[in-house]
Amino acid sequence: MAYDPENIFAKILRGEIPCDKVYEDDHALAFNDINPQRKVHVLVVPKGEYEDWSSFAASASNAEITGYVRAIGAVAQKVGVDVDGYRLIANQGENGHQEVPHLHVHVVGGERSGPMLKRKD
Ligand code: AMP
């Protein structure tokens with residue numbers, strides 16, 4: 001599927017919509033999730049136009065990939081979850097329940113996250 005430049009994170013990256021910024025560098029922007037699921041819930045988005053993890057893995061440059069991974073680590077350190085631990089979540093597509101079609105990793109922590117997945121039925 002083609003990247004949709006009108007998705008909400010693209011608008012945040014272009015400064016058309018405000019965000020509660022946590023971190024920014026050449027490769028990534030991080031901001032607090034508008035509907036936090038844990039005490040700490042930050043979204044880290046790459047600045048390039050990548051819909052999801054698969055398109056990023058296939059098409060991003062080595063510099064973009066390295067920069068993005070380092071940015072996620074820097075965010076975890078900046079918000080102070082690296083000591084007690086945290087969870088990274090990247091949802092993709094329909095089965096992954098991805099809502100916003102611009103790659104983002106959720107950094108959640110500040111309290112225990114519990115078991116990784118629960119059976120739905
Ligand atoms: P996902 O299901 O992985 O696509 O997650 C999308 C996340 O984006 C959800 O946790 C939403 O609460 C969050 N979200 C949606 N709009 C905004 C926004 N304008 N600012 C911050 N977070 C947002």
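Which helices and strands each supply at least two residues of the lining of the largest pocket? The list runs α1 (8–13), β2 (28–32), β3 (40–46), β4 (86–89) and β5 (105–109). Here helices (H or I, at least four residues) and strands (E, at least two) are DSSP runs, numbered from the N terminus. The model is a predicted one, where local features need pLDDT of at least 70 and side-chain atom pairs count only at pLDDT 80 or more, while totals for chains, interfaces and linings use all residues. Residues are numbered from 1 along each chain as its sequence is written, and side-chain values use heavy atoms, with hydrogens and water left out.

Back to the pocket. A pocket, on a 1 Å grid over the protein atoms alone, is an open set of points where a 1.4 Å probe fits, with protein on both sides within 12 Å along at least five of seven lines, and its lining residues have an atom within 4 Å of a point. The largest pocket holds about 1,200 Å³ of space, the volume being the space filled by probe spheres set on the points, which are joined across faces, edges and corners. Its lining is made of 35 residues, and Gln37, His41, Ile89, Asn91 and His106 lie nearest the centre. Helix α1 gives the most to this lining, with 3 residues. Sorted by class, the lining of the largest pocket has 16 nonpolar, 12 polar and 7 charged residues; Ala, Val, Leu, Ile, Met, Phe, Trp, Tyr, Cys and Pro count as nonpolar, Asp, Glu, Lys and Arg as charged, and the others, Gly among them, as polar.

Next comes the inside of the protein. In soluble globular proteins, nonpolar side chains tend to be buried together. A nonpolar core is a set of buried Ala, Val, Leu, Ile, Met, Phe, Trp, Tyr and Cys residues joined through side-chain atoms within 4.5 Å, and buried means under 20% relative accessible area, exposed over 50%, and partly exposed in between (1.4 Å probe, protein chains only). The largest nonpolar core has 19 residues, of which Ala30, Val42, Val44, Tyr68, Val75 and Val107 touch the most other members. At least two residues of this core come from each of β1 (21–24), β2, β3, α3 (62–78) and β5, and α3 gives the most, with 5 residues. Val107 is in contact (heavy atoms within 4.5 Å) with Val40, His41, Val42, Val44, Ile72, Val75, Val81, Tyr86, Arg87 and Leu88, leaving aside neighbours within four places in sequence.

What about the aromatic rings? Rings of Phe, Tyr and Trp (its six-membered ring) pair if their centres lie within 6.5 Å; planes under 30 degrees apart count as stacked, over 60 as edge-to-face and the rest as tilted. By this rule there are 4 aromatic pairs. The ring centres of Phe9 and Phe31 are 5.4 Å apart and the planes sit at 75°, so this pair is edge-to-face. Phe9 belongs to helix α1 and Phe31 to strand β2, 22 residues apart, so to speak linking distant parts of the chain. Both Phe9 and Phe31 are buried. Tyr50 and Phe56 also form an edge-to-face pair, at 5.1 Å centre to centre with 80° between the planes. Tyr50, at 10% relative accessibility, counts as buried, and so does Phe56, at 3%. Tyr50, Trp53, Phe56 and Tyr68 form one aromatic cluster.

Phe56 itself lies in helix α2 (residues 53–59). Not counting residues up to four places away in sequence, Phe56 touches Pro46, Tyr50, Glu64, Ile65, Tyr68 and Leu103. His97, in the loop between β4 and β5, has a positive phi of about 60° although it is not a glycine, and at 55% relative accessibility His97 counts as exposed. Lys78, found in helix α3, is exposed too, at 56%, and touches Val22 and Tyr23, not counting residues up to four places away in sequence. In the segment after β5, Ser113 is buried, with a relative accessible area of 18%.
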